[in-house]
Amino acid sequence: MVGRAAGFMLGLAAMLVSASAGDRIIAADMAKPAARDMAWQDCVGADHPGILLRTDNLAHLKLAHDETGFKYIRFHGIFHDDMAAYREVDGKPVHDFTKVIAAYDAILKTGMKPFVEIGFMPHDLASGSKTIFYWQANGSPPKDYGKWANFIADFAATMEAHFGKAEVQSWRFEVWNEPNLDGFWSDGNQQEYFKLYDSTARAIKKIDPALKVGGPATAGAAWVPQFIAHAKAAGVPVDFITTHTYGVNGGFLDEKGEGDNKLAPDPASISGDVWKVRREIDASAMPGLPLYFTEWSTSYNPRDPIHDAYLSAAFILDKLKKSEGAAGSMSYWTYTDLFEEAGPPPAAFHGGFGLITRDGIRKASFFAYKYLDKLGAQTVAGGDAQSIVTRDGDNFAGLVWNYTTPEMAESNRPYFRKVHPAPATDPVQLKVSALKPGSYKLTIRRTGYDANDAYSQYIRWGLPKDLSAEQIETLRMLTADKPEFERTVTIGTDGIFQQAIPFRINDVALVRLERLER
């Protein structure tokens, strides 16, 4: 593998600056800046607080926050029984938010904020006993809506008493998770969900009208027009809209990861749902409401190897770029494979949702977010459909990718358990203009096949269930994100920089020009 990577780097160094027929040209103009769309950084997903509070999980969260800048975190089960927030003694409610506070304290210490998903139903308040997931989340309506409203009001009041009004006013409160699915809510009953939303939103606003509450948190970008129409008719407050989408066709739930899916070939997968919901909101009685996609990814299956594959990095960037301007948040599901919906992670790489494996190895998908965080504060003119070009003061940073949906004769599980070498595609000719004259440090980093790509090596090892300490260290070295190209360049009085960059299918390249002090 070292030989393959070294050969590709030699090709990079040997490329001519002059453009040739077939090259992809990106001409970035530093004199034409504009604000960046930062929906990608707003939030990231997780499983449930019981596992979130583990030392290894918090270490993964800190790593994700420090290297990507994620601001909010959303997870299931804040009222699950293991949080002990609600119980009844002789039929009388007892509220205890000690463990809830501990979870939010831990999040705040990492520098992030809670995107509060209100659910699931505590056993003593549930009207039914049906559960979902390995950790048994109860999706029943409350047996007593009066007790539920009092519980929610006490929750909001306790959070403000502990963390302060100003802090909690910066949080978001989302009512439930995917209530249009039978597994998460009572037969996917829409009218019963509206009743739950009304009770919850009013209880929160009774404590503090400045607290932000929204929904419907549906799978498959569903129910949004109906939800807004209901809220308008009922006079119920809605501060934002939430929903979910995934990049595979058919279905919305695979609780145990037993099924298999196929990557959607539609170029508008993900982004089509985002823009559809944006249009639905703007055509509704509440136009202009913020839109937050609180879950999205390549696949909703918690055992889908596409999550581990190098293709995911380019997929993420392609979908985020196409969704720019439509949503205020695109919360990737999830930051770590320490995730137990389908049970404890069964292998080192098992197709888990995370950007980081259970052993702390950064996946290719992680680097899509890391590179986004390394861009400048402003975009500049000249990027194409698969690039983001930016400036930060005198410095330039450009993120360029090639997303190509593979021609798949089989579904995700067999396809993405094989090594797929990436063929070469058109080189990229990068031209940056309006730079200040002087010396700059040029660095190019890459993610793709055998570049920040631990999974391809894992497949070559035969997909072992567990990794030795030596193997883990090898994968950490392979994902150390060392520059493949680094040198000092001089920008003349014309303010122009040019560089040719070889490219392969589903490569991602980060190019940075940092002006050196004179």
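How many cavities of 30 Å³ or more does the count come to? Two. I use cavity for a set of points on a 1 Å grid over the protein atoms alone where a 1.4 Å probe fits but cannot get out. Grid points are joined across faces, edges and corners, and a volume is the space filled by probe spheres set on the points.

Before going on, the ground rules. This is a predicted model, in which local features need pLDDT of at least 70 and side-chain atom pairs count only at pLDDT 80 or more, while totals for chains, interfaces and linings use all residues. Residues are numbered from 1 along each chain as its sequence is written, and side-chain values use heavy atoms, with hydrogens and water left out.

On confidence: pLDDT is the predictor's confidence in each residue, from 0 to 100. The chain averages 94, and 96% of the residues score at least 70. Over residues 13-19 the value is below 50, and this stretch has 13 contacts in the model beyond near neighbours in sequence, a contact being heavy atoms within 4.5 Å. Where pLDDT is low, the predicted coordinates should not be read in detail.

The largest cavity has a volume of about 140 Å³. It is lined by 16 residues, and F184, L253, E295, Y300 and E341 are the closest to its centre; a lining residue has an atom within 4 Å of a point.

Next, a pocket, which is an open set of points with protein on both sides within 12 Å along at least five of seven lines. The second largest pocket holds about 260 Å³ of space. Its lining has 19 residues, with T245, Y246, V248, F252 and D273 nearest the centre. Strand β11 (240-246) and helix α9 (271-282) each supply at least two lining residues, and β11 gives the most, with three. Helices (H or I, at least four residues) and strands (E, at least two) are DSSP runs, numbered from the N terminus.

Now the aromatic residues. Rings of Phe, Tyr and Trp (its six-membered ring) pair if their centres lie within 6.5 Å; planes under 30 degrees apart are stacked, over 60 edge-to-face, and the rest tilted. The whole structure has 46 such pairs. The F133 and W135 pair is tilted because the ring centres are 5.4 Å apart and the planes stand at 40 degrees. Both F133 and W135 are buried, that is, under 20% relative accessible area, with exposed over 50% and partly exposed in between (1.4 Å probe, protein chains only).

W148 and F151 also make a tilted pair, 6.1 Å centre to centre with 55 degrees between the planes. Both lie in helix α5 (residues 145-163), three residues apart, about one turn of the helix. W148 counts as buried because its relative accessibility is 0%.

Which helix is largely enclosed by the rest of the structure, and why? Helix α11 (residues 364-373), because nine of its 10 residues are buried. Among them are F366, F367, Y369 and K370.

Last, the backbone. Cis peptide bonds join G215 to P216, with omega about 5 degrees, and W333 to T334, with omega about 10 degrees. P216 is in strand β10 (residues 212-218), whereas T334 is in the loop between β13 (329-332) and α11. A434 has a positive phi, near 65 degrees, and is not a glycine. A434 lies in the loop between β17 (424-433) and β18 (438-447), and at 40% relative accessibility A434 counts as partly exposed.
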